[in-house]
Amino acid sequence: MRRTGIVILAAGASRRLGMPKQQVRFRQQSLLQRILHTAQHTTARPIVVVLGAFADTILPDTQDSEAAVVINANWENGMGSSVQTGVQEILRIDNTVSDIMVLLCDQPFITPALLGKLMDTHYQENKGITACAYGGTKGTPVIFHQKYFSRLITLDGQEGAKKIIQQHPDDLATVPFPEGIIDIDTPGDLELLR
């Protein structure tokens, strides 16, 4: 029986935005609350949120969720260290998961239906990686089979999971997610969203 856990990356300092993107409000929720709500409306469990910068400020946004929260003390080292922290925490909570989905909190148009389609495609296509396709790239949301877990927990620095996706095109299935190109990195992105 395949079981998928979820890692939500929310540890960054949002330097280009100038405020914690995790707390940007969109449709009556913070971006972090939105992605937590979305994740909880899937069958994937456990759900782990990785916090880092502004953890004390952001933590209250996780209180009404069933997600486990882990703090990445090395968040300044980049996204790789947060992926590593999240994957290790999922395996500590439940080492029977067969797959791990990686989500970012700054893609506001992720829906439960999209994540359900991603999981269905992952199981049906039987590839090691299933990623969303948008804007000429393949990226998050993305699911990795357990054969990639050891690779995920050796990611370091600025290299995120995208590097692993790019290295294994023959073991990759994709799901179209045109809205995935919209993420919140700069004040201009935020203006466009609003």
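**Group meeting: a walk through the predicted model**

Hi everyone, let's start with Gly136, which counts as exposed at 82% relative accessibility; buried here means under 20% relative accessible area, exposed over 50%, and partly exposed in between, with a 1.4 Å probe and protein chains only. Gly136 sits in the loop between β7 and β8, where helices (H or I, at least four residues) and strands (E, at least two) are DSSP runs numbered from the N terminus. Between Gly136 and Ile181 there are 45 residues in sequence, and their C-alpha atoms are 9.3 Å apart in space.

A word on the source. This is a predicted model, so local features need pLDDT of at least 70 and side-chain atom pairs count only at pLDDT 80 or more, while totals for chains, interfaces and linings use all residues. Residues are numbered from 1 along each chain as its sequence is written, and side-chain values use heavy atoms, with hydrogens and water left out.

Now to helix α4. Which residues of α4 are buried? They are Leu114, Leu115, Leu118, Met119, Thr121 and His122. These cover an arc of only 165° around the axis, so they fall on the same side of α4; the arc is that of the directions from the helix axis to the C-beta atoms. Exposed Ala113 and Gln124 are on the face turned away from that buried side. What do the buried residues of α4 pack against? Their partners are β1, α1, β6, β7, β8 and β9, with contact meaning heavy atoms within 4.5 Å.

On to the salt bridges, each a side-chain nitrogen of Lys or Arg within 4 Å of a carboxyl oxygen of Asp or Glu. How many does the structure hold? There are five. In one, Asp99 pairs with Arg2, with the closest N and O atoms 3.0 Å apart. Asp99 lies in strand β6 and Arg2 in the segment before β1, so this pair ties together parts 97 residues apart in sequence. Asp99 is buried at 0% relative accessible area, while Arg2 is partly exposed at 27%.

Another joins Arg92 and Glu89, at 2.8 Å between the closest N and O atoms. Both lie in helix α3, three residues apart, about one turn of the helix. Arg92 counts as exposed at 60%, whereas Glu89 is buried at 13%. Thanks, everyone!
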